[in-house]
Amino acid sequence: MVTSATLTPNANFSFLLGRLGLDDAETQVETAQFPSPFDYGANAMLVVPSDTPAPNLDPVGHQRAVVGHVLDVAEASDGGLFVLCTSHRDVRALSGLLRDAAVAHGWPLLVHGEDGRDTLLKRFRQSGRAILVGTATFWEGVDVPGHALRGLVINKLPFRVPTEPMVSAQCDAIEARGGDPFMEYMLPHATLRLKQGVGRLIRTATDRGVIVLDDVRVVTKRYGRDLLDALPPAQRVLRPWAEAERRIIDFYAARAAETLSTP
């Protein structure tokens, strides 16, 4: 038996069954999907800034925008953020640019690679105001329920590197049989990884928070609709950052007001 919240990139199990070698006609496999118990529509907001430079076209401008967005969200939420990156290079670059501002605001900056994962998570939970910048190991298998984690910034879509030997071999095999490596391998992998990353935020029925997906390709590329449709049904804000930031500020202000009014 295999059970997970992120087994499928869409409404069926064909990608998983193919990866497990269980997609032949003679193999009988029972599958089932169940709705989430969490009210994403009320408790989560997914923001895609429409004016962020595309990371594949303007990496410097994109990085600058991501840093600004992290600081703006941290200002609205008073920290409590995961910044999920797709490479250790991005972790180092973003943490280097964030460090001085984080120190000035009193937000502990925790950086993947500067300590062990369990230690970083313990410090993150204890602080309640930290910003954690991490890559692969923080996209999945990490559970931080409650107020300590109340925002995510995902710096770019988590596509696999096509030149990695295993990825290249898989794509070559798909191409050799006449398939489309991007649609059959690269996109499903990115979809599952993105679902895993987004899934770090809402861990209980009372969790609330904002997810900023800083990759405009989800609205400019044809495949972007598939990626967005695979994500939980949070409120969607697909707007320029100045407008999106106002919505984020209002979201956290409403959460603070609710907290103060609770006996």
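Colleague: Why is Ala65 called buried?

Modeller: Buried means under 20% relative accessible area, exposed means over 50%, and partly exposed is in between, with a 1.4 Å probe and protein chains only. Ala65 has a relative accessible area of 17%, so it counts as buried. By the way, this is a predicted model: local features need pLDDT of at least 70, side-chain atom pairs count only at pLDDT 80 or more, and totals for chains, interfaces and linings use all residues. Residues are numbered from 1 along each chain as its sequence is written, and side-chain values use heavy atoms, with hydrogens and water left out.

Colleague: Where does Ala65 lie?

Modeller: Ala65 is in helix 3; helices (H or I, at least four residues) and strands (E, at least two) are DSSP runs, numbered from the N terminus.

Colleague: What makes Asp78 stand out in its phi angle?

Modeller: Asp78 has a positive phi of about 60°, although it is not a glycine. You'll find Asp78 in the loop between helix 3 (59–77) and strand 2 (81–84).

Colleague: Why is the pair Phe38 and Tyr40 called edge-to-face?

Modeller: Rings of Phe, Tyr and Trp (its six-membered ring) pair if their centres lie within 6.5 Å; planes under 30 degrees apart are stacked, over 60 edge-to-face, and the rest tilted. By this rule the count comes to seven aromatic pairs. In one of them, the centres of Phe38 and Tyr40 are 6.4 Å apart and their planes are at 70°, so the pair is edge-to-face. As for accessibility, Phe38 is partly exposed at 25%, while Tyr40 is buried at 11%.

Colleague: What about Phe159 and Tyr223: how are their rings arranged?

Modeller: Phe159 and Tyr223 are also an edge-to-face pair, with 5.7 Å centre to centre and 90° between the planes. This pair links distant parts of the chain, 64 residues apart: Phe159 is in the loop between strand 5 (151–154) and helix 6 (165–176), and Tyr223 is in the loop between helix 8 (217–220) and helix 9 (224–229). Phe159 is buried, with a relative accessible area of 18%, and Tyr223 is buried too, at 14%.

Colleague: Which residues do ring pairs link into a cluster?

Modeller: That would be Phe82, Phe124 and Phe138.

Colleague: How do you know that the charged end of Arg208 sits over the ring of Phe251?

Modeller: A charge sits over a ring if NZ of Lys or CZ of Arg is within 6 Å of the ring centre and within 35 degrees of the ring normal. The charged end of Arg208 is 4.6 Å from the centre of the Phe251 ring, and it does sit over that ring.

Colleague: How many disulfides are there, and how do you know?

Modeller: A disulfide is a pair of cysteine sulfur atoms within 2.5 Å, and by this rule the count comes to zero. Cys85 is buried, at 1% relative accessibility, and Cys171 is buried at 11%.

Colleague: Why is Val111 called buried?

Modeller: Val111 has a relative accessible area of 3%, so it falls under the buried cut-off. Val111 belongs to strand 3 (residues 109–111). Val111 and Leu94 are 17 residues apart in sequence and 9.7 Å apart in space, C-alpha to C-alpha.

Colleague: And Glu184, why is it called partly exposed?

Modeller: Glu184 has 29% relative accessibility, so it counts as partly exposed. Glu184 lies in helix 7 (residues 181–198). Its C-alpha atom is 7.8 Å from that of Ile174, ten residues away along the chain.

Colleague: Where is Gln170?

Modeller: Gln170 is in helix 6, and at 21% relative accessibility it counts as partly exposed. The C-alpha atoms of Gln170 and Tyr185, 15 residues apart along the chain, are separated by 7.8 Å.
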